[in-house]
Amino acid sequence: MVGAACAWYAGRAGLDVILVDRGPVAGGTTGAGEGNLLVSDKEPGPELDLALLSGRLWGELAREFGDAVEYEPKGGVVVASSPDGLVALERFAEGQRAAGVAAEPVAGDRLHDLEPHLAPGLPGAVHYPQDAQVMPALAAAHLLRASAARLLTGHTVTDVLRAPDGTVRGVRTDRGDIHAPAVINAAGTWGGELAALAGVRLPVLPRRGFVLVTEPLPRRVRHKVYAADYVADVASDSAALQTSPVVEGTAAGPILIGASRERVGFDRTFSLPAVRALAAGATRLFPFLERVRAMRSYLGFRPYLPDHLPAVGPDPRVPGLYHACGHEGAGIGLATGTGHLIAQALTAKTPDLDLAPFRPDRFAEEAA
Amino acid sequence: MRSPLELVGAQPGPAFTVTLDGREIEALPGQTVAAALWAAGVTSWRGTRGQGRPRGVFCGIGVCFDCLVTVNDRPNQRACLVPLHPGDAIRTQEGTGHDD
Amino acid sequence: MTERAHLAVIGAGPAGLAASVAAAAGGVRVTLLDAAPEAGGQFYRQPAAELRARRPQALHHQWRTWERLREGLRTHVQSGSVRHLTEHHVWCVERNDDGFTVHALLGPEQEEPAEVRADAVLLATGGYEKVLPFPGWTLPGVVTAGGAQAMLKGALAVSGRTAVVAGTGPLLLPVATGLAAAGVDVSALVESASPKSFVRRSRALAAQPGKVAEGAGYAARLLRHRVRLLAGHTIVEAHGTERLEAVTAAALDGAGRVRPGSERRIPCDTLAVGHGMLPHTDLAETLGCGLDGLAVHVDDEQRTDVPGVWAAGETTGIGGAALSLAEGHIAGRSAAARLTGTEPGPGTWAAADRVRTRLRTFFAALDSVYAPPAHWTEQITDDTVVCRCEEVTGGAVREAVAELGAGDPRTVKLLTRAGMGWCQGRMCGPAVAGLAGCGLTPSRRPFARPVPLGVLARAGELDHQ
């Protein structure tokens, strides 16, 4: 998705773009994600700024592609599970509001106006109208098609070509060389490997997540609904399995249930304990789901960097190399802003956001 | 015409009544929903979610989920698997099978 | 005294039954789990007991073998060495630190859970039918060949009076003769394989005298029931609005394309159609068992590459009931020996081994005879529904391939929803792969059947026996 967005915005800035992927379109984490466009789970800071920019850009894209990519500006509802949790959640929301997020407290007795099927007795929530959703594989495919970029799927990059002075000249693939004055690393969870081909370190690591998909249902879950613990899990550095329920309906009918996080490398083994915890969390939030059937489950690997911020922008260590990866679980949402900022960097424009927090070389000293 | 029941010398107990959308039809002990509906000349009992097209039995062994039907208010049952009991209420199904 | 080792066998068809009997005879405790109310699987599917059929053998072949199997099961159930759990729909087998947990749903409703703990598992999950789409294949009255047979054998039910049986494969003959014997007017058997290809493979086929006799028996029965055999033909369209009224059959040329002008319309209210079988491998894949193509990989002892997991029958490759029996026997013997701490000797299953070798060769030869028309995808028009569950058309799949960059079934699925519905791509998988221009590859299905979230949330918490 991030690669597709880079192709789209770079193309609109007048650049010729060739998109290279070793797999098919949306074959990596994009095809395994839920398509979250969220501001609600982000604390004030550079990631939230990127999310707000991205959300505006998604809104613009939606005018062109909305139905085709199943764009739904449905809003998010973050539910507290205890009175203490509600206090903390409301404090968190207050900070977000100061940073430009629309965040409306919802009292416990008004929750069912927003989500009629929520469990009774919950203390309260915060409603985030800016949260939205797309179908990520469709979004990537349609953006790519409209971008006029040349698409080379099934091409594995085996090297980053560099001039004697170290400047990037293109990439070598298993099916031939491609010459270009700029190379964008949008390899997601595998972004660290691509950086290594260019001789630089970028510590992108996989964080596995499972998603449960139910049978098709009429619209019973209207927003993206999740428990407040989710925010803590996202920011956590633990390697152990963490799950916090994230429940949402889709345009196609099934309900999607996330979100689990574990650091187990690229292990694709099905984990019953992980999906069991997802089911338990979801049925606690929405008791009607008890009898609803899960039809399938899939897994993906979020690309995360140690400080949970993506790498976006030029790499000062290798002239001509740009990074656009490491967005963890927010890559679909942050793709538009990332693509836009990369296009600005490529065309030597002043970026809309300060790229310093996203500097790809920010981990260098830590390695030394 | 020779029937499968005759072919194997079946001697089921007396037929009983079930309903399909309120209309009474006969069923034999041991018959599945699909078998009783076929015997009553009914071959479709579900409208698809998208186009509302008629569907009934396809794979006959519970794999394809085409024969979904509502039995005693329980939606999305596979007609080819579920046996009938006297008084069962079968309802044809539209959309997701769940009421809005 | 330590308890006897416990083997869970999943599937009570020929392979699972032979395995259960062999394992129990070898001294292990067996729990046999099966989805049906009666043992038998698809091949020996029995009429519901309440239908009280006095001559169920009228719909069956190799009935003596079935009687032996049934008797073997009964003996071991009575002695307590086999526990037969009927109407247990297994949705997942989980590997634990000290063995396995088999997770099942009970009864036709499949809402309540059951769990079985075992030291080892033997997967005999069988197969299901492959059907390639053509215009009209979603009309009520169009059923799979195996479906027509299952409804006939199990429910003693037929969907109409006039049938056409079509597609390709050895299943079509018994389906046609079975329907005819049950009083259905079978107007034609439309087989895409040409008579010539049978002749070309005659040597491998002739090595099976029993099978040739079986084929001759079917031919005689087709003749007796006046079933017209159209070899080298295919169904190009099923007609009707609310239900099936007729089909159009056409001859195939040497290249496997429809011969223009050869179309003929055959009125019928039932079309039983199938293009071969596919192995059920969901449980094996979730356990991490390796596959050979679409089938579970096993060694000479029918062991998968996951310790403690055996597999036998169609799940390890399509080969019919007799091969399933031989494989089940070997698997059961092997499991019993290994679980009681002995190395199975070379002669432990010599006879079954010979049968296995011979039948695997035979079915490999059959595979090259029975093939769908080479250009079957050309029959899928742009408005033909390919994914029956999500109603994705041939045109939508082609658009995803040609314009959105999808070159494989998974990407087609992501971009069109083909294969995301109730059946999880079991029905449309081969067609989607064909339209994407690649072969069918196994797709991962962690849940072998849909499971209520409430059951999933508590999986592993039940008391075990």
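Trainee: In what order do the elements of chain B run from the N terminus on?
Mentor: Before we start, this is a predicted model: local features need pLDDT of at least 70, side-chain atom pairs count only at pLDDT 80 or more, and totals for chains, interfaces and linings use all residues. Residues are numbered from 1 along each chain as its sequence is written, while chains are lettered from A and ligands numbered from 1 in the order in which they are written. Helices (H or I, at least four residues) and strands (E, at least two) are DSSP runs numbered from the N terminus, and chain B has 2 helices and 8 strands. From the N terminus on, they run α-β-β-α-β-β-β-β-β-β.

Trainee: What is the radius of gyration of chain B?
Mentor: We take that radius over C-alpha atoms and hold it against the globule rule, 2.2 Å times the number of residues to the power 0.38. For 100 residues the rule gives 13 Å, and chain B comes close to that, so it is as compact as a globular protein of that length. Its radius of gyration is 14 Å.

Trainee: What is the bridge partner of B:Arg46 in β4(B)?
Mentor: Look at strand β3 (residues 46-47) of chain B, which is joined to β4(B) by 2 bridges, the two strands running antiparallel. For B:Arg46, the partner in β4(B) is B:Arg55.

Trainee: Moving on to chain C, what radius of gyration does it have?
Mentor: Chain C comes to 14 helices and 23 strands, and its C-alpha atoms fill a box of roughly 75 × 50 × 45 Å along the principal axes. With 465 residues, a compact globule would have a radius near 23 Å, which agrees with what chain C has: 22 Å.

Trainee: What percentage of the residues of chain C count as buried?
Mentor: A residue is buried if 20 or more other C-beta atoms lie within 10 Å of its own, exposed if 12 or fewer, and partly exposed in between, with C-beta atoms placed from the backbone. Going by that count, the buried part of the 465 residues of chain C is 58%.

Trainee: Which element gives the most to the side of chain C that touches chain B?
Mentor: Two residues are in contact if their C-beta atoms, placed from the backbone, lie within 7 Å. Here 46 residues of chain C are in contact with 44 residues of chain B. The elements giving two or more residues to the chain C side are β8 (127-129), β9 (142-144) and α3 (145-155) of chain C. With 7 residues, the one that gives the most is α3(C).

Trainee: How many nonpolar residues does that side of chain C have?
Mentor: Ala, Val, Leu, Ile, Met, Phe, Trp, Tyr, Cys and Pro count as nonpolar, Asp, Glu, Lys and Arg as charged, and the others, Gly among them, as polar. The side of chain C that touches chain B has 8 polar and 12 charged residues, and its nonpolar ones number 26.

Trainee: How far apart are the C-alpha centres of domain 1 and domain 2 of chain A?
Mentor: Domain bounds come from an automatic or database domain assignment, which divides chain A into domain 1 (2-67 + 135-203 + 307-367) and domain 2 (76-129 + 205-304). Across the boundary, 22 residues of domain 1 are in contact with 27 residues of domain 2. The two centres lie apart by 27 Å.

Trainee: Does A:Ala51 count as buried or exposed?
Mentor: A:Ala51 is found in helix α2 (residues 46-65) of chain A. Leaving aside neighbours within four places in sequence, its contacts include A:Leu38 and A:Leu334. Because A:Ala51 has 23 C-beta neighbours inside 10 Å, it counts as buried.

Technical notes. Two strands pair if DSSP finds at least two bridges between them.
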